[in-house]
Amino acid sequence: MVKYLLLRIANYAVLLFIAVSLAWVLAQTQLHPRQLFEVRNPPLDPQSIENILRAANVSDQVPLWDRYVTWLKGIFLHWDWGSTPGGADVGEEISRRIWVSFRLVTIGWLLGTFLGVAIGAWTAVRQYKISDRVITAIVLLLVATPSYVTGEVSKMVATVINKQVGFQLFLFLGEKSTGTLPDYPLAELVDRVQHMVLPTLVLTLFGLAGLQRLQRGLMLDALGSDFVRTARAKGLRENKAVMKHALRTALIPTGTYFAFQAASLFVGATYTERIFAFQGMGIYGVDTISKQNINGVVAVTAFGGLCYLIGAILADIMVAFLDPRVRLS
Amino acid sequence: MTATAPFRNTRQTAAGDVVLSVHDLHVTFPSEAGPVRAVRGLSFDLKAGETMAIVGESGSGKSVTSLAIMGLHPRTARITGSVTLHGKELLGLTDAEMSEIRGEDLAMIFQDPLSALTPVYTVGDQIVEAIQTHHSISRSKAWQRAVELLDLVGIPNPDLRVKSFPHEFSGGMRQRAMIAQAIANDPDVIIADEPTTALDVTIQAQVLEVLKTAQRETGAAVIMITHDLGVVAGMSDRVTVMYAGRPVEQGSVDDIFYAPRMPYTIGLLGAVPRLDATNKEPLATLKGNPPSVVNLPPGCPFVPRCPLAHSGCREREPELETVGPDHVAACWENERIRTDSLTSADIFPTQVLAPVEKAVVEKVDQEVVLSLENMKKHYPLMKGAVLRRRVGTVYAVDGIDLTLHRGETLGLVGESGCGKSTTLLEILNLHAPTEGRIVVFGNDTASLKRADKKRMRRDLQVVFQDPMASLDPRMPIFDIIAEPLGVHGWSKEKTEARVMELLKTVGLEEGHANRYPQAFSGGQRQRVGIARALALEPELIVLDEPVSALDVSIQAGVINLLEELKQRLNLSYLFVAHDLAVIRHIADRVAVMYLGKIVEIGSVEEVYNRPSHPYTQALLSAIPIPDPTTERSRTRILLRGDLPSPANPPSGCKFRTRCPLFEGLTAEQRTPCLEAMPPLVTAPAGEPVALESSGVPQRVTTTVPEGGVETDHVVACYYARPVKVL
């Protein structure tokens, strides 16, 4: 198993390198940071523009291959992911934002998965009863609603509640308050929690909705399968047969979904970040493109790829853990 | 199980007393078309230790009955009547109360062993679960018992295999594990729902034997649900025949088989091709199909298919009437059937065919339409996703010689995985095989051009096993039958006339041409498949298990149709089947395959009467014969274990690992078997010896026949000798 995983990781590392290199070529050829400086008023001296671009290793006057070698050297020798055209360090920016994203999505992701699986399985057992129909309708509504709508609506509702209770119960700008905090124990933590509630809720609903659909379908298949009937024929009560035999088997495909979802959430929670003003990876990815930040684009792509590959390995481990048929062969 | 103390020493119901009693059971499901009356008034008493079979075709209500008794029916079902176990009413119990009984007093074995065990738990865990659900014993004790149970059902190395997951077991082993699980708590009643239908005949014989052992050890009563009359004859004491949700005849197994009093039972018995039948009369055919149990018209549901029906039958449905001691039948005409001693031939007149020309003698001179010469098909076993490398070879077909003459039917038999289907596919591909030659109508497939292939496909057609999967559900059957004609450029008018003619030929109505496949029953769909194969007037048809997916009464009609077509159109058939009784009925010659090799080949009479290879003998002896007296007196040759993997075949003779003959040989005698696969030589002459008194095997002295292997009865065994199996 360990050997198999190591082999898999080596395989993925090669794939990641190729993917990031391609992203680099694409960014270097399609983005034009020079334009940023050419439109400056008062105009900059062309030579200083060239110097700035060369400092960031994004000048289109340097041969592509030379730029590539410089870029590679920077990464492999100094772990330097380059700088923005303005000169800010990309690696530093990203290492800060990774944690912002991590804090933002982790709870929502776990909670969404757990609730999605639980509700999906529960509605499958109660197929076509009122509770199933109502929940399925709500979930479909959630799936169909874009996350920025959910986010904005949650903010409106929070505003109303804040007015009703007479103080700022929910906070929704950034990770924490700027300025001075009130003076009581754990004030900082409470403040962070107040900021976290709404984005976490949005992400939870988002994750829950997807997983409920998936898990309900898987569970229905499992419930109709022969082995659940066998378990019942052995004398297991319905609940136990469902939990022990049907749910356990129906979790196998969910494991894969769960792992891959982590990867996509990390770099894909763009709307949630924007609406709640979190300075995370998703919004950074969009910003880098609009600001012609070639090194930023490549670094975000590399991080996204890494997340995806970690997700893939995680999925392999999850499936091997859940499914003995994979474990042994 | 001598090592295992049973959980309960005293039984609540003594042997010979009624343990399970079903009275006037009705099961109805709601559906959009109206209520589905799946079971209508079933009653029976099951005595302790007794085996009762419930026989019927698909949709007759047998499986619904078993689920209703277990309380595992869908919640939408409405059940009335009474089911009592040890005198205690089961209907109306809560799920909690029923759960106490299920697995403890009432156990069940399901049809498909591949899906009936939970894939994520070990076999041992699942047996332990069955025990611990009902008994508070320690896990280690329960585990110990699981090992003993696996030993009882014949799993080799049970202490190791108990930790295996279901996917590591073959189908037969899984069904054994299923039986172990069912008998874990010494139940009083075991319900077995088609327990061997999904298994190969040799494995079926093993599993039925295990079931008998399990019953003997536990003293349980068994309800055996099956469509296989051979299994019924061999296993059961009493029989209930069901039709359209109703029991139509009940009695002792001898009454049902030797003195049936209901035309459906009679027809069913006449429709089964028999392994021990020496004549080749057409089988009794029941016209039409079992009725839908939604909105049944009044009267006997068998009326549309019953030649004895009269107006009275259409008005009122007959009740079960006592026709003998412990024998009831539901037929207004049961008295006439007795007094006139009507048989299936009297009731179901079959179309008499022109006598079959026994052309075995002139076969040599006849034109050869297909010949395989040392044909091999090997598949590489690959590993790795990016850098694929070959890690082994599957020897699917490993050098076979076959010859098929014009107008002849050659049967190809063997267990699943023996290479029968690969052989067919290789012939249909019209490519060069891995090694050897395939010659179709005198053309070597290795040298064919595209245009040649297209031309030859007109003369070479195929009928598949699954009539549902082999017809496009989105095409009306007219288009399905016309498709090959279109490919070969027939004009529209000619096509239309031809399709109509074909529909008539295969016994379908012209008015059905616009319907889609789902509007037809299995037998009718198979007829569509045959019509499509016949469309281009082929000379050679290869048939891959064409009747194995069909119900008995339907199967007989298709077999008769195939026979009739062969004679009328002078077709040649290469007929692949696992059912040796069907082959005996339809084939002129038969080839027995084992692990990619032909081990015996000869005329049907020779091979069935003087089987000389131990594998052929085992196959023939494994097949149950629908005749209780014969079944009771038969000795079975039980093969050990499963077919070895064709990727890793044994050295020397491929059969030696399971060969009962090999087991009895001395080390010196075994030498040739270990060294090389025996060549096909003329089967030794002499009267077949009885199975029991076969004595010490002698090395065969015959050689490869001069005229080639296709002319004679040849066998690939160093110690071949004819044995009387049937």
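**Two helices in chain A**

α1(A) and α13(A) are roughly antiparallel to each other, a label used for angles over 145 degrees. This is a predicted model, where local features need pLDDT of at least 70, side-chain atom pairs count only at pLDDT 80 or more, and totals for chains, interfaces and linings use all residues. Residues are numbered from 1 along each chain as its sequence is written, with chains lettered from A and ligands numbered from 1 in the order in which they are written.

Helix α1 of chain A covers residues 2-30 and helix α13 of chain A residues 294-322; they pack at about 155°, axes 9 Å apart. Helices here are DSSP runs of H or I, at least four residues, and strands are runs of E, at least two. The axes are lines fitted to C-alpha atoms over the stretch in contact, and angles run from 0 to 180 degrees between N-to-C directions.

Residues of α1(A) in this contact include Leu5(A), Tyr12(A) and Trp24(A), and those of α13(A) include Ile294(A), Gly305(A) and Asp316(A). Contact means C-beta atoms, placed from the backbone, within 7 Å.

Next, helix α3 of chain B, residues 123-134. Nine of its 12 residues are buried, meaning 20 or more other C-beta atoms within 10 Å of a residue's own. Among them are Val123(B), Glu129(B) and Thr133(B). The buried residues pack against α4 (139-152) and α6 (171-182) of chain B.

Last, the chain contact: 27 residues of chain B touch 20 residues of chain A. On the chain B side, α2 (95-101), β6 (106-109) and α3 each supply at least two residues.

Definitions and conventions. Parallel < 35°, antiparallel > 145°, perpendicular 65-115°, else oblique. Contact = placed C-beta atoms within 7 Å.
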